Amino acid sequence: MTSLSSTTSRLVLCLRLFASHYRHAPLQASAILLGIMLAVTLLIGVYATNENAKQSYGNVSELLSKQARLTLSHQTQDTIDESIYFALANAGFDTIASIEGIATDEQGRLWRLSSSDIIAAISNGAKQDAQSTGSVISVNIPLAELLSGQAKVLMSQSQRDRINKVTNQSQTITLNKLALDIITIDDHWGLGSALLADISLAQPLLNMQGKLSYIAVFSADNAQTDNQLIARLTDTLTQAGIDASQLHFSTQSSEGESLNALTASFHLNLDAMSMLAFVVGLFIAYNGVRYSLMKRQKLFVQIMQQGLDRHSVMLALSIELILLVFIGCVLGFIVGLQLSQWLQPMVAITLEQLYGAKLLPGNWQWHWFVQALVLTLSAAFAACIPMLISLVNTPLAQGAQKKPQNKQFNIIHRRQFVIAVLLLLLCTLAFTLTTQYRHSLALLGILVVAIPLLLPQCLHWVVNFLTPFMPKGLWQYVIAETKEIIAPLALAMMAILLALCANIAMNTLVGSFEVTLKKWLDARLHADLYIRPNPNQIDALVLLLANDTKVDAVYEQWTVDSQLNRAETPQTLIPVHLVSRDHISLTDTTVFKTTTDDFWPTFTAGQSVMISEPLSIKYHLNLGDKVELSQLKEHTLTIGAIYYDYGNPKGEVIMSQPLWQQSPLPAKPISLAVTYQGELTTLQNNISQQLNLSSAYMYSQQRIKTEAITIFNKTFSITVVLNSLTLLVAAIGLFSACVMLTQARQAPLARLYALGVSRNQLRIMVIVQMLFIVILTCLVALPTGALLGYLLIHKVTLQAFGWSIAMIWDWAAYIQVVVIAVVSCLLAVCLPLYWQTRKPLISSLQQEVL
Amino acid sequence: MILFTANKVYKQGLVIIGLSLLLLACTQADTPPKKTNTISTMSAQSSDGYSEVIKGKTLQFPQDHSAHNDFKIEWWYLTANLTTAKGEDVGVQWTQFRIGMTPPDVLQTANDNAWKTNQLYMAHAAITSPNEHLIAEKWSRGHPKLASVNPSPFQVRLQNWQWLSQSNELFPAQLSVHHNNFRYQLQLTSQQPLQLQGDKGFSSKSADQAVASYYYSQPFIDVTGEITRHGVTEKVSGKAWLDREWSSQFLTKAQQGWDWFSLRLNDDSTLMVFRLRGKTEQDHFYSARRMYANGSGRNINSRDNPNDIEMQPTQWQQTALGKHPIAWRIRINSEAINITTQASNPNSDMLVSTPYWEGPITIDGTHQGKGYMELTGYN
């Protein structure tokens, strides 16, 4: 009992001692907390964003309602007749009629308008569980106005906040020339970014009288399989005299899964970047811990000499670390959730535009905090325990001498270098063998760890190399001291190297991709105007274009959803877009990656098809492979060419126009492209007036290019933001390391001053030392960043998205990150120097004694 | 007799009670409903602009079987006491409501799209046995292909639930309801004249006659048909009762809820009796009609004969919805009726959008028989 209480009192004593140490040196505690906080912030920010997105895929619910069991639409993205809905509803199926369409506002911006039979949506939502969003009579939505077809649309509160800037906080929005009142409803309805109207308004507004986009079907009967339900629906329609052969049934589970699969690489990339930022943050925290231990080395020895046992000191240090990690985690968690709020709209836009996935507002979970805490604690202990043990076990006599420990660090740095070289060799070998982007990403992770490990030894070598060239006197002192400060700065430098490499690599990827995409768009787009009318208007449009003398040529495109089957392994059904274009379009606009020698004759004869590069890479399909398509049963086709496609994450198969027309596929083209010898707006106005076709369905070549680049920029904005944040974290780390180091060097600098070195010389000396190390680090980042960029482009992106990109080196981007590093270093050095020069010399000299 | 949530918490909202399909609502609109509940959100808060119930108006048949879209709320309501081939007593309920969400002159629709409407339909169905109470609810907007009331032949439908007559009259007709775990298909016939409740169909809901509805019934319906529960189909036969009611002006602010009975007595007469509960015993309003197969009948109410009708709960049951009086003593001195009623299944909560208690009952005392009870405002 006595021993327990004495242990406790010793522990408390230690802790009080450490607390007063931090009271005197708040900078040390702040540096540690800052590192942990930044690490956890980025980790949680991205984690929460990713988790919410993934949850959304699983719970894609009908607007104002619940998740449907399956959806029923037309095979060819055509509309379906509303009589199908009546037949199903009157047979007792719980269904919602839905319409989706694009409308233009007065500024020509496009809005996606969703609409449904709102009463069916709400009542089906209420039916599914007791915890429903509301029953028809308890909803706070002006149903009377909506049902009577009044010009009103619903928008979620958060979306409203988001678009207030675009709409100038207006209460109305004018779509397809009709002014609509905006009704804001609570986010819990899950509208996401959708604009929701009742079907009574949407049908006339979107010119879809009597038509629906799809029907959502609910079923409470879990014993019934999806196939049984589909069979019942088909029977019901057949009995009602409706031809169900053109209908496409898609089950919600399969949609969720395919969305998960489609977006997996996107989320993995985000995860990888958040881990990178986490590691960078931990570097800072570790640096802080090490520095604070170094400063207390003498104190430890003194208290142990006075009788405190090693065990209590060790325990008190561990408790201190746990407390710091806990506080840092709490702060990081809070800021991280805030960051996620900020990132989510960005991610939502990317996912919606790239994959058509809708994101719902999500809630944060406690277990995220626990996960972050456990991860940070484990990482902190793994990093710090060896240091704590060696410190506490230092012989009392030796510890008191406050040895610079340089020898020890030299050994560590050499070891790190050897490990790094081994890891690099391993990666080089493994990269030649990988075909999976997950493996490549893991190897990239190893590489990212290996690169900074190279740094301290490289710095030593460079300094050693330079030593003989330095003039005698002060410069020799400078170079000798530079060697000394490599060790305390090493960790911060490693963190900044990591961030620089990642940044350079990402910039290279984004820049290269943009150039590739622009080139591809230039080649791919040959017509002046691209029109995708409602399917029932296509004949009238063809006629109208044929009668316009200024129209040079009309090109046609057909598209259906299909499934590709490898002829040898009939069980693999790959979802693809099946496309055909006229011969001229195909020869003029397809950018081939590779073709067989006799491609065009076999293609025209209907024996071979071309497939997009993403399809080829994702499913390892090569030239000469035999494939079948779900609409062309028992017709085996050969892959004759692979073409570049950067516009579509889904696979695409192109067949020749004659083969399309012989096959049981929709005869009418889905879109037309026109070359025109006059003012393009004249043609657009003409089409708008004669066919009552919204300009939303017409794209000029320029508009496609602009929008493609806009989407591209938005797609990568999230990665660029994360990278910048990582760089910011590293810069903060460098700043805090430099501040601490410069403060620690007050005494030696004061001594030099006392010996007659002028203040200006001292300032230049310190700045040169620091800049030298930072610039060396930036130089190391140049080839290593390029290497990472190369691997990101030629391995990870190629494998994950199936996009071949020509790597383009961007010097401007490189210089930009170097400038950021140099500026943060200069600030970090100048600030403490300035503080120091304001203090009397004696107090600086006393630093050492204190 | 149906009710939507005569709930104390949000009784400011509209309350529909099916006193033999009687619908009452608070006219108070000073505070918005806390739970943003009820039809009051859909229909305008007051009855302004809707047609009013006028004393002395003569009901016209078959026209008045159809919908009265100029009134705020209306219903077609059938309860049946049936026996299966195995001798099990079951109760069956079907109600279709029509709700006019805006007054008739508010909706200026060019009828260019059939989806545009100001009419909303809701239907409830139930099969109740002593051991089980199966319920279902359906909603739809008014749309000729989804939910409507058609005069020729007379048809009341909400998707695949429907009353379909062979002519423009109510009977003979077939009533079909299909739900996931139960369904029924009943053949309904009746030769008896319709019974106009209250003053020739003008049914007051308060002593001062400030609120009223149009209300008529057919308490003498013969039923044969089939019911299916959990996939097991059985033949049934028995008696049913139809109520028709429409109005735009509902419960007074003071009224708390509703106890309504449709009773089939063993002397071939029937009795409709209800109590509208005020804040105190003295504020209750009682009304009844004793009806005979030849179309004759006698009205009794607490305004004209203050102590003639006595209704006392004798047993209470805590259900999922609230504490409900499931057994009663009912005495009407002028009709020499002194009976007790007992719920066949005390847990007959209708847990739908507008929850209430509704189920079959048995009758004992001076008369024996079966009937239906509806209780509102106890949740």
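Modeller: Helices (H or I, at least four residues) and strands (E, at least two) are DSSP runs, numbered from the N terminus. This is a predicted model, in which local features need pLDDT of at least 70 and side-chain atom pairs count only at pLDDT 80 or more, while totals for chains, interfaces and linings use all residues. Residues are numbered from 1 along each chain as its sequence is written, and chains are lettered from A and ligands numbered from 1 in the order in which they are written.

Colleague: Is B:Tyr378 buried or exposed?
Modeller: B:Tyr378 is found in the segment after strand 23 (369-376) of chain B. A residue counts as buried if 20 or more other C-beta atoms, placed from the backbone, lie within 10 Å of its own, as exposed if 12 or fewer do, and as partly exposed in between. Because B:Tyr378 has 23 other C-beta atoms within 10 Å, it is buried.

Colleague: Which residues are in contact with B:Tyr378, leaving aside its neighbours within four places in sequence?
Modeller: One of them is B:Lys323, which is 55 residues from B:Tyr378 in sequence and 6.3 Å from it in space, C-alpha to C-alpha. With contact taken as C-beta atoms, placed from the backbone, within 7 Å, the residues touching B:Tyr378 are B:Gly257, B:Leu321, B:Gly322, B:Lys323, B:His324 and B:Trp357.

Colleague: Among contacts in chain B between residues at least 6 apart in sequence, what percentage join residues at least 24 apart?
Modeller: The secondary structure of chain B comes to one helix and 23 strands, and 56% of its 379 residues are buried. Among the contacts in question, the part that joins residues at least 24 apart is 58%.

Colleague: What is the corresponding percentage in chain A, for contacts with a separation of 6 or more?
Modeller: Chain A contains 26 helices and 21 strands, and buried residues make up 42% of its 850 residues. Of its contacts with a separation of 6 or more, the share that falls to residues 24 or more positions apart is 86%.

Colleague: Which residues of helix 3 of chain A make the contact with helix 8 of chain A?
Modeller: The axes of helix 3 (residues 82-90) and helix 8 (residues 226-239) of chain A come within 10 Å and cross at roughly 110°, so the two helices are roughly perpendicular to each other. On the side of helix 8 of chain A the contact is made by A:Leu233, A:Thr236 and A:Leu237, and on the side of helix 3 of chain A by A:Ile84, A:Ala87 and A:Leu88.

Notes
Axes are lines fitted to C-alpha atoms, for helices over the stretch in contact, and angles run from 0 to 180 degrees between N-to-C directions. Angles under 35 degrees count as roughly parallel, over 145 as roughly antiparallel, 65 to 115 as roughly perpendicular and the rest as oblique. Two residues are in contact if their C-beta atoms, placed from the backbone, lie within 7 Å.
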